[in-house]
Amino acid sequence: RFFKMLQRSSVLNALRIPTAFAPETTPVKYTSHLMTDKHRSRWYNGLRHDFIALYRERSWLDTWPAKKGGWEKNDVSVMHQHLSPQALKAALAMVPECFEVRDVPRPPQRIKAQSEGIVGRWYTNYWTLHSVKYQCQLAGVEWKFGERFRPRTNFEEPYIFVDFEESKAVRDFRSRWMNVNRSLVGMTKKIKEAEEEKRFSRYKKRQDSFWSDRKMLIGRVKSMAGQGLIEKATDLPVKTFNMKAFLREE
């Protein structure tokens, strides 16, 4: 009966659709959408694909992402019109009297730098405006719409100017405190260590002198014993001297 169960299960497994290209160890499985012919659809071969446009002038891969550096304005010229002085004067005649250059801000980086040339309200396009302004400067045509930043002299803004000596004093003072703070890092620990050292140094001194004196004493006793001047501890002024232990010591 058990054998029949095994047989039946194997038959069931054989009936099931195989789902792997390769042995079970590989994670790659057969999926139907990888094997379709849908992407081979063309307008001329009778195949249809409902979710893709029939004709694309530019595929999505051509459209996005844009060319590297395509959005920022580098030293590439944006306006490709070189105007004569007469054309420049005619263009400036289109600009209203109340207009100022300062009122046209530079567009953000994400907006592509582009210029349509001299069209209606061309002066509201930042790139066209400054191109024309520069061409006026080169051609010697008068520009009466101001600058992007109004220059301010020291007489108008006395607080902008700080003399060198004062600024140097401020910088020195600042760096002095920075150095003080740097040196204060870990100062508590250093102070504690110094105090412990001071307290301990007295006892350390006495301890060191004791050990050095003891070493000297051992050396003398050993040399006397070696010369045969003493045989036992009773020959020494200190009667409790452990002669054997001293002689055994290196």
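F99, W122, Y123, W143 and F145 form one aromatic cluster. The model is predicted. A search of the whole structure finds eight aromatic pairs.

**Pair W122 and Y123**
- The ring centres of W122 and Y123 are 6.0 Å apart, and the planes stand at 75°, so this pair is edge-to-face.
- The cut-off for edge-to-face is a plane angle over 60 degrees, with centres within 6.5 Å.
- W122 has a relative accessibility of 1%, so W122 counts as buried.
- Y123 has a relative accessible area of 10% and is buried too.
- Buried here means under 20% relative accessible area.

**Pair W143 and F145**
- W143 and F145 also make an edge-to-face pair, because their planes meet at 80° with ring centres 5.2 Å apart.
- Both W143 and F145 are buried.
- These two residues belong to the aromatic cluster that includes W122 and Y123.

**M79 and its contacts**
- M79 sits in the loop that runs between α2 (60-63) and α3 (85-92).
- Leaving aside residues up to four places away in sequence, M79 touches S115, G117, T128, S131, V132 and Q135.

Key
Residues are numbered from 1 along each chain as its sequence is written. This is a predicted model: local features need pLDDT of at least 70, side-chain atom pairs count only at pLDDT 80 or more; totals for chains, interfaces and linings use all residues. Side-chain values use heavy atoms; hydrogens and water are left out. Rings of Phe, Tyr and Trp (its six-membered ring) pair if their centres lie within 6.5 Å; planes under 30 degrees apart count as stacked, over 60 as edge-to-face and the rest as tilted. Buried means under 20% relative accessible area, exposed over 50%, partly exposed in between (1.4 Å probe, protein chains only). Helices (H or I, at least four residues) and strands (E, at least two) are DSSP runs, numbered from the N terminus. Contact means heavy atoms within 4.5 Å.
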